Amino acid sequence: MIAAGVDIGSSTSKAVLLNGDDILCHSLINTGAESANSACRTLDEALERAKLSASEIGYIVATGYGRVIVPFAQETVTELSCHARGANWLFPSVRTILDMGGQDCKAIRCDAAGHLENFTMNDKCAAGTGRFLELMARVMGISLDEMSELSLEAKAELRINSTCAVFAKSEVTSLIREGKDRRDVLAGLHSAIAARVYNLLRGIGVEPDLVISGGIGKNIAVVRKIEERVGLSALLPEEPQIVGALGAALFARERIMLGKE
Amino acid sequence: MIESLGRLRKDRHDEARAWKERMGKKVIGVFCCDVPEELIYAAGMLPVRILGEHEEASEGNLHFPTNVCPYPTSCLDQALKGRYDYLDGVIVPNVCDMIRAMHGAWKLNTAIPNVYFLEVPQRISNHGVEFFRENLARFQRSLEEISGNSISSESLKQAIDVYNRNRDLLHRAYEMRRKGLVSGVELQEMVLSSMLIPKEEHNRLMDQCLEEAGQRHPAGDGVRLFISASMLDDTDFLQLIEDCGGWVIADDMPMGSRYFFYSVDNEAEPLEALAKRYLARIPCPRKMLPQARFEYVEETLAGAEVQGVIIHNLKACDCHLYEYPYLKEMFEARGLPVLFFRGEETEAELETQRDDIEAFIEVLRG
Amino acid sequence: MAFGGIDVGSVNTSVVIFEDARILSHLIVSSGELDSEPRRAMEKALEAAGLDWGELATVVATGRGRSGVDFAQKWSSEVVCQARGAIWLFHTARTVINLGAESSRVISLNEYGKVQSFATNDKCAAGSGLFFESMSYLMEVPVAEMGQLALEAETAEEVSSRCAVFAESEVISHIHRGVAKERILAGLHRAVADRILDLVSQVTIYRDIVLTGGVARNPALVKELEERLGFAVCLPPEPQIVGALGAALLAGKKSG
Amino acid sequence: MVTSTSAKKHLQTTLEVPALRKKYYAESLQQGTNRKVAWCSNGIPSEILEAMDINAVYLENYATVCAAKRLSSGFCRAGERAGFSQDVCGYARILMGYLLGGEEAPEAPYGGVAKPDFLVVNSYSCDSRMGWFATMGRTLNLPVYVLDAPYQPQGGCTEDVNVIYSESQLEDFVAFIEEQTGTKLDRDKLREKLDLARRSHDIQVDIFEMRKAIPSPMGAGDAYTIVWPGMYLTGTKECDEFYQRLHSEVSERIEKKIGIVPEEKFRLLWSGLPFWYNMALLNYFEEFGGVVAIENAYFRYQKSLPSQHKDPIKDMAISSTMRRPYADDIEQRAEITLDIVRDYHVDGVILAFNPSCRLMYVLQPELKNVLDRHEIPNLSIECDMADERTYSEGQIKTRLDAFIERMLSGRK
C-alpha cells in the first residue's frame with residue numbers, strides 16, 4: 001500500500017510517495033498563483049515518476065500553508081509535526097530542526113520518536129526566509145546557487161541594518177552602487193539571516209543534533225554562518241525541501257498500518 | 001574640560017568600579033529622576049543612573065517582548081551581559097509600567113542584591129506627600145542597612161546642599177545654552193555625567209566648565225530648536241541635530257532640564273523637603289498633571305525665541321504617546337512647526353532620521 | 001540661461017532642465033542602469049534639450065543621494081523641492097503627498113506656499129514603489145497594470161494587515177484560496193490607501209492636494225485616496241519629476 | 001480576517017448575561033439627567049459608586065462590546081486618525097475613535113453610552129489607562145479623578161502607613177463624588193453594598209474552585225462572560241442571585257459529570273486577555289477533546305477577608321492593603337500561574353501576547369521562561385485583544401493546530 005504526503009508551501013509544493021520504508025520518489029513544483037490545482041499537479045508528477053496510478057495510493061496526508069484546500073487528502077497535519085517526523089526518520093539523533101521555507105522560518109524541537117515537543121515560527125517578517133534570498137538574488141542579478149558560492153569567497157562582511165526585507169533590498173542596491181564587493185555584501189546578508197534565525201532558535205533552546213531543512217538548507221554559506229552562531233554542526237538532508245512532505249507520508253503510512261483506509 | 005564629560009559617560013562602568021575599589025564603598029543603581037539620590041549620597045554610597053546602550057538587546061529580548069519601550073529592555077540587557085556586576089543595589093521607583101517591571105526582572109534574572117521598590121504616589125495631594133515622606137523614611141532605613149552607615153539629619157542636609165549646588169550650576173549652563181555659549185549636546189553631557197559620578201566632584205568639574213564656556217564668544221547661527229523627548233540615554237540624537245545645523249536652546253527632557261529645574265528647600269525638615277520636591281517637581285507626563293506639565297513646557301519655552309520643535313518619543317511609551325497630540329497642538333498654536341520621531345533605540349535609526357532633520361532645518365531657515 | 005535640477009533617489013534618478021519658465025527636457029532612469037550616474041544623467045538630459053554644459057547656469061541636487069552630486073551648486077532636501085515643484089505646477093497647492101519608491105511623505109504648506117509641517121514614513125514599506133514591485137512579482141501582474149486590474153473588481157477581498165510584509169503573506173493565502181486576482185488587488189489598494197491616510201492624518205491638510213512620486217501613476221490608488229480624502233487631487237502629468245523640477249526652480253531662484 | 005466571533009456557551013446561566021448587559025446599558029443611556037454619569041475604568045471601588053447612586057459606565061467593557069460586535073477596526077482607525085499611536089491600548093483607541101467620531105467611526109453599539117459628568121480612573125493598573133482618561137478629560141473638558149493606592153509589587157502587607165494612605169485616597173474619592181452629586185455618602189448603604197459585593201465575589205471563588213473538577217464543568221468560553229455581573233453590577237441583588245444560579249448549575253454538572261467535552265484529552269490555561277472579536281477560539285480545541293479549563297485574567301482565587309473595621313471605608317482600605325488586587329510583579333504572577341497549572345490539572349498554556357496591553361504583554365515572555373523551566377508545554381500567539389486588524393486567521397490556526405497535535409501526541 002503506497003502512502004502519500006503532499007506539502008503545499010507558500011512558495012513551492014512537494015509530494016512524496018512512500019512504500020514501506022523506501023521513498024519511491026518525490027516531486028517539487030512552484031506553488032505559483034493558482035495554488036488550488038498545484039496540489040494535484042505535484043502529486044500527478046510524483047505518480048508519473050513512480051509510474052503508479054492514483055488508485056494505488058492507500059492514504060494521503062496534506063500539510064503546509066495550503067493544506068486545508070487539498071481536495072484529495074484524507075487528513076491534514078501541520079508542517080510543524082510533519083517536519084519533526086520527517087527529520088527524525090532521516091536522522092534518528094535529531095532533536096532540533098530549523099526549517100527555512102519560502103515564506104516563513106520554523107524552529108522545532110522533537111523527542112527521540114519524532115514527536116513535536118516545542119516550536120516557534122517567524123511568519124510575520126520575510127527577513128530570514130527563502131523569499132528574502134530570492135529577492136536579493138534578483139536584485140543582484142545572480143542565481144541562488146551562485147549566491148552561496150560567491151558568499152563563501154567573501155573577505156569581509158558588510159553590515160546590513162534594515163530588518164524589513166523590502167528595505168534590505170534598497171540597502172543592498174546602494175551598497176553595490178557604492179562599488180562594494182558583491183561577495184562582502186552577500187556575506188553580510190547571510191550573516192544577518194543567521195543572526196535572525198539564531199534568535200528564533202534561542203526561543204526554544206537548541207539540543208543536538210541539529211537538522212536544517214527547507215530551501216535555504218541548500219545554501220551552504222547560510223548553513224555555515226548558522227553553525228558558527230549556534231556552535232553545532234548541522235545534519236543536512238539530501239533533499240532539504242521535502243522533509244515536510246516526507247513527514248506527511250510517514251503519518252499516512254502510520255494510518256495505513258493502523259488499518260485506516 | 002567640557003569635552004571630557006562625554007568620556008565620563010562612555011566609561012561609566014570602569015569609573016564606578018574604580019571608585020568602588022578606591023573608596024571601598026558601595027554603588028547603588030537608580031532608575032529615573034524620581035529617586036531622591038541625596039539619601040543614597042548621605043549614606044556614603046554612590047548613586048549611578050542606569051542607562052541602556054544603542055546595541056541589540058540580544059539577552060534582554062529573551063525576557064521582554066518587542067512592542068515595549070526599548071530603554072528598560074536595554075538596561076536589563078546590560079545587566080544580563082554583566083556590565084552592572086559592580087552594583088550593590090538597584091532602586092526601582094513606582095514610575096511607569098516598564099520601569100516597575102524592572103523590579104521583578106532584575107530580582108529574577110540577575111544576581112545583583114538589594115533590588116528595592118520605592119513607592120511613589122501617582123497622584124499629587126498632601127496625603128500623597130505624607131505617604132511619600134513615610135516611604136522615604138523606610139527607604140532611609142534600608143539604605144542604612146545596605147551601607148552600614150547611619151544617615152543623620154545633618155548629613156542629609158549637607159547632601160541636599162551639594163545636590164542643590166549641582167542644580168544651580170546646571171541651571172547656569174542652561175542659561176548659557178540660550179546665549180549660544182554652551183551647545184545642546186554639551187548640556188546633555190553635563191546632565192548625564194552628573195548622574196554618574198560623585199556630586200561634589202561633578203560640582204568642581206562644572207565650575208571649570210562654566211568658566212571655560214564663559215570665555216567663548218556666542219555661536220548661535222544655528223536654527224533655534226526646542227527638544228521634547230522621553231528617554232535619550234546618550235547624546236547621539238542631539239549630536240545629529242546640531243550636525244545638521246540645529247541649535248538646541250530649550251528642552252523638557254529627563255536627561256535635560258527635567259533633572260535639575262527645581263531645587264530642594266533646605267530650610268524645611270529634610271525628608272519633608274525631599275518628598276515635596278521629588279513628588280511635585282517637574283511633572284513628567286506620567287504624573288497625570290496635564291496642566292502643570294504644559295505650564296512647565298511653556299516656562300522653558302518663554303524667552304527662548306524658538307523657531308521649531310522636535311519631539312522624540314520612544315516607541316510604546318504610553319505616558320508620552322497619549323500626551324503627544326495635545327503637546328503638538330500647543331506648539332502649533334504658537335506657530336511652531338513640529339517634527340515627530342518614534343524612537344526605537346536601534347543602531348541604524350539615526351541615519352534614517354538625518355534626512356528629516358536636514359529637511360526640517362532647511363524649512364525653518366526659510 | 002538654463003537651470004538643472006537632479007533628484008538622486010535610491011531606486012530612481014530624475015533630471016529636469018528648465019529655462020525661462022519652461023521645462024526644456026526631463027529624464028527618469030532607474031538606478032540599476034549605467035545612466036543613473038549623476039553626471040551621465042545630466043548629460044543625457046542636456047542632450048535632449050539641445051544644450052551643452054556651458055549653457056547650464058546652476059544645478060541644484062536633491063534626493064537621498066544628493067551629496068554625491070559634486071557638480072551641484074546647492075543641495076536641498078526633498079521636502080523643499082517637492083513643495084516648490086508642486087506649487088509651480090498647481091498654484092493652489094496646500095498639501096503634497098509624495099509616494100516615492102522607498103518612502104512616502106506628506107507636506108503641509110501655508111497660504112504663501114511655505115512648508116509649515118511634514119511627516120515621513122520610511123519605516124513601513126506599505127504604499128512604497130518597492131512594495132508594489134514585490135506584489136507585482138508575487139501576483140505575476142506587471143506594476144503598470146496593477147491599478148487598472150484593481151479597478152475592474154466589483155468587490156474587494158479584504159487585506160487587513162497593516163504591515164507590508166504581513167500583507168504579502170495574506171495575499172499569498174488569498175491566492176491559495178483561489179480568490180480572483182483583481183479582487184485581491186482591489187483589497188490591497190484599499191489597505192495601502194488606509195496606510196497612506198494614517199500618514200497624511202499626522203498633519204493638518206488643506207485643499208488642494210498634489211500627488212507626486214511614481215506610485216501616483218496608479219489609477220486605483222488615486223481613486224481610493226480621493227474617496228478617503230473626500231475631494232479630487234491634482235495629478236501632475238509626470239509625477240516622478242516633481243522633486244527634480246523643484247530643484248531646477250531653486251537653481252533659477254539661486255542665481256536669479 | 002476573522003471568520004467566527006462569540007464563544008459557544010456550555011451553561012444556561014451564562015446565556016442570561018447578554019440580556020443583563022443590554023438592560024444595563026439601555027438604563028444607563030435613558031436616565032442620563034437625574035443621575036450623575038461617571039465614565040470609569042476597571043479596578044475602582046464600584047461599591048462606593050453604587051452606594052452613591054452614580055450611573056457608572058465602564059469604558060473597557062464597552063470597548064470589548066465594540067470588539068465583539070466586530071466594530072474595532074473602524075473605531076481604532078478613527079482613534080488613530082485623531083493622533084493616537086497604534087502602540088497604545090486597543091481599548092483606548094476604540095473609545096477615542098468613539099469619542100472623537102469622524103466619518104471613520106462606525107455606529108456605536110447599544111446606541112452609544114450616556115454623556116459623562118466626570119471620569120474616574122485608578123492609577124495602579126497601567127499607564128495607558130491614566131493617559132487615556134487624562135486625554136478624554138481634556139477633550140471633554142471634565143474633571144478626571146485618579147484613585148491612587150500603594151503599588152505593593154510583592155502583594156499584600158499590613159503596613160499601617162499603606163493603610164492610612166489607602167484610606168485617605170478613598171476618603172478623597174468620596175469627597176470628590178459628594179462634591180459632584182451634592183449628596184452625602186450613606187455609610188450604612190455602603191456597608192450593605194460591600195457585604196453584597198463580597199458575597200457575590202466569594203460565590204465566584206467557590207465556582208472557580210469547582211472548575212478544578214475533571215471533566216471541566218465550565219471553560220473560559222463561559223468564564224469571560226460570567227465575570228461581567230460581578231464587575232459591573234457589584235453590590236446588587238441581581239448580581240448576587242445570578243451567581244447563586246450559576247453555582248448550582250456548575251455543582252449539578254459536576255455531580256452528573258457533565259463536561260464541556262464528552263472525553264477530555266487535554267486541559268489548557270489561557271494566559272492573558274482573549275481576542276474579544278473572536279471568542280470562538282476558546283472553543284476551538286473542543287473538537288479535538290481539548291478544553292480551555294481556566295484563564296488567569298479575572299481569576300477569582302481568594303475569598304474576601306472578613307470585615308476588618310466597622311467603618312466601611314477603613315474596612316476597604318485595610319483589606320485592599322492586605323490583599324493587593326493587582327499583584328503584577330513577575331514573581332507573583334509566575335507563582336499564581338504555576339499554582340493554577342497544578343490545581344486545575346493543566347496540560348498546556350496558551351500565552352496570548354497582546355502588544356497594545358502593556359500590563360499583560362510585558363509579563364508573557366518571563367511567564368514562558370518559567371513554564372519552560374517547569375517543562376509545561378506552552379504556545380505563544382501574538383495578536384491585539386481588541387484591534388481586529390492584527391488578527392491573521394491562517395497564522396493563528398497553524399499554531400493552534402500544531403499545539404493540539406503536540407498535546408495529542410503526548411497522549412499516546
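Residues are numbered from 1 along each chain as its sequence is written, and chains are lettered from A and ligands numbered from 1 in the order in which they are written. Since the model is predicted, local features need pLDDT of at least 70 and side-chain atom pairs count only at pLDDT 80 or more, while totals for chains, interfaces and linings use all residues.

**Contacts of chain D**

Let's begin with chain D and its neighbours. Towards chain B, chain D brings 38 residues into contact with 40 residues of chain B (two residues are in contact if their C-beta atoms, placed from the backbone, lie within 7 Å). Helix 6 (127-140), helix 7 (160-181), helix 12 (330-343) and helix 13 (358-373) of chain D are the elements that give two or more residues to this side. Helices here are DSSP runs of H or I with at least four residues, strands are runs of E with at least two, and both are numbered from the N terminus. Helix 6 of chain D supplies the largest share of the side that touches chain B, eight residues. By class, that side of chain D holds 20 nonpolar, nine polar and nine charged residues. For these classes, Ala, Val, Leu, Ile, Met, Phe, Trp, Tyr, Cys and Pro count as nonpolar, Asp, Glu, Lys and Arg as charged, and the others, Gly among them, as polar.

Towards chain A, eight residues of chain D touch 10 residues of chain A. That side of chain D has one nonpolar, three polar and four charged residues.

**Domains in chains A and C**

The domain bounds of both chains come from an automatic or database domain assignment. In chain A, the assignment gives domain 1 (1-91 + 241-261) and domain 2 (93-236); in chain C, it gives domain 1 (1-90 + 238-256) and domain 2 (91-235).

| Chain | Separation of C-alpha centres | Residues in contact |
|---|---|---|
| Chain A | 26 Å | 15 residues of domain 1, 22 residues of domain 2 |
| Chain C | 26 Å | 15 residues of domain 1, 26 residues of domain 2 |

In chain A, helix 2 (residues 79-90) gives the most to the side of domain 1 that touches domain 2, with eight residues. By class, that side of domain 1 of chain A has six nonpolar, eight polar and one charged residues. In chain C, the largest share of the side of domain 1 that touches domain 2 is seven residues, from helix 2 (residues 78-89) of chain C. The residues on that side of domain 1 of chain C divide into 10 nonpolar, five polar and no charged.

**Two helix pairs**

Within chain A, the axes of helix 6 (residues 182-204) and helix 7 (residues 220-230) come within 9 Å and cross at roughly 45°. Axes are lines fitted to C-alpha atoms, for helices over the stretch in contact, and angles run from 0 to 180 degrees between N-to-C directions. That angle makes helix 6 of chain A oblique to helix 7 of chain A. Angles under 35 degrees count as roughly parallel, over 145 as roughly antiparallel, 65 to 115 as roughly perpendicular and the rest as oblique. The contact between helix 6 and helix 7 of chain A divides into 10 nonpolar, two polar and two charged residues.

In chain B, helix 8 (residues 184-194) and helix 10 (residues 236-243) have axes that come within 9 Å and cross at roughly 165°, so helix 8 and helix 10 of chain B are roughly antiparallel to each other. G184(B), V185(B) and Q188(B) in helix 8 of chain B meet L238(B), Q239(B) and E242(B) in helix 10 of chain B. This contact has two nonpolar, three polar and one charged residues.

**The sheet in chain C**

Chain C has an open sheet of five strands in the order 3-2-1-4-5, with mixed pairing. Two strands pair if DSSP finds at least two bridges between them. Strand 3 (22-30) and strand 5 (74-75) of chain C are the edge strands, each pairing on one side only. Strand 1 (residues 2-8) and strand 4 (residues 56-62) of chain C pair in the parallel sense over six bridges, and G5(C) stands opposite V60(C) in strand 4. Strand 2 and strand 3 of chain C run antiparallel, joined by eight bridges; the bridge partner of V16(C) is H26(C) in strand 3. Strand 2 and strand 3 of chain C also form a hairpin with two residues between them, and A21(C) in the turn has a positive phi of about 60°.
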